[in-house]
Amino acid sequence: RKMSFDRQAGYVNYIHPFGREEAAMGLSWIYAGVGDVFARDIDGQIGDAISDYTNAFAITFARRFTERGAPTAISLGVNLRYVQHNIANINAYTVGFDLGAQLKHRMLKRGMAPDAIPNELRLGVAVQRLNQKYPWTTSEYWIEQGESNGSTFDEKFPLIARGGVAALLMNGRALGGVDIKIDSERGATLHVGAEGRPHPLLAVRAGVDNGNFTFGGGIEPKVSSGVRFVLDYAFALQPDQIDPEHVFSLGVRF
């Protein structure tokens, strides 16, 4: 994903269910970087290019703690994350984790067909970036620059709390959700979205992301028995004169 101001981002994610979908494990990698950043000396003269990128690797485990088929389900999950940040060939590493919980209630009706999708209400909470901080040491960098000074300090990650509610209605043809994110440094932001499915293989979406309008859609064509490609598109307005984003993603369900 290429963005304005020479930013790039990308991710790979794999999720696998276990025990008749009573539990799941996930593996993920996220990359983010900035290009065309150059050093400047004390007089403002441009020097060599500076690296600036981040890699995050995560292992996720989640489990449902109620019986399969029960109208109300409670699930808990944990996410263990390793993050590496490189800037000007100075590296910092950190390990942290996230915790999450979800309550799901299915509104079953008498006489409902076995393959029908019931209306559903979901409540979720999460706490992210627990115990994460970058231990920076710049002594080696300044020695390479011919200087003897340097410093060591810890850059703590802002703690993030999330809470949300979502409703699946019209036998799976409509989905709406509201999410509140509270950042310990940046405060609270609101996210609202809705999805409609005029056809089982087609989705249309619209929402508001912290005051910025978004919309998009997706298709899920069948490739073979039990295999589907998922192609999604999203358009998102950005704040402060930043160009809008057009985001495409491709997935496989099997």
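1. Gly217 contacts. Beyond its neighbours within four places in sequence, Gly217 is in contact (heavy atoms within 4.5 Å) with Ala203, Val204, Arg205, Leu231, Asp232 and Tyr233. Tyr233 is 16 residues away in sequence, yet the C-alpha to C-alpha distance from Gly217 is 5.5 Å.

2. Gly217 setting. The residue belongs to strand β16, residues 212-219; strands are DSSP runs of E, at least two residues, and helices are runs of H or I, at least four, numbered from the N terminus. Gly217 has a relative accessible area of 15%, so it is buried (under 20%, with a 1.4 Å probe and protein chains only).

3. Basis. This is a predicted model: local features need pLDDT of at least 70, side-chain atom pairs count only at pLDDT 80 or more, and totals for chains, interfaces and linings use all residues. Residues are numbered from 1 along each chain as its sequence is written, and side-chain values use heavy atoms, without hydrogens and water.

4. Core. Ala56, Val83, Ile90, Ala92, Tyr134, Trp136 and Phe157 form the largest nonpolar core, of 7 residues (buried Ala, Val, Leu, Ile, Met, Phe, Trp, Tyr and Cys joined through side-chain atoms within 4.5 Å). β8 and β10 (133-137) each give two or more residues to this core.

5. Tyr134. Not counting residues up to four places away in sequence, Tyr134 touches residues including Val83, Ala92 and Phe157. Its partners also include His85, Asp154 and Glu155.

Terms used
Buried means under 20% relative accessible area, exposed over 50%, partly exposed in between (1.4 Å probe, protein chains only).
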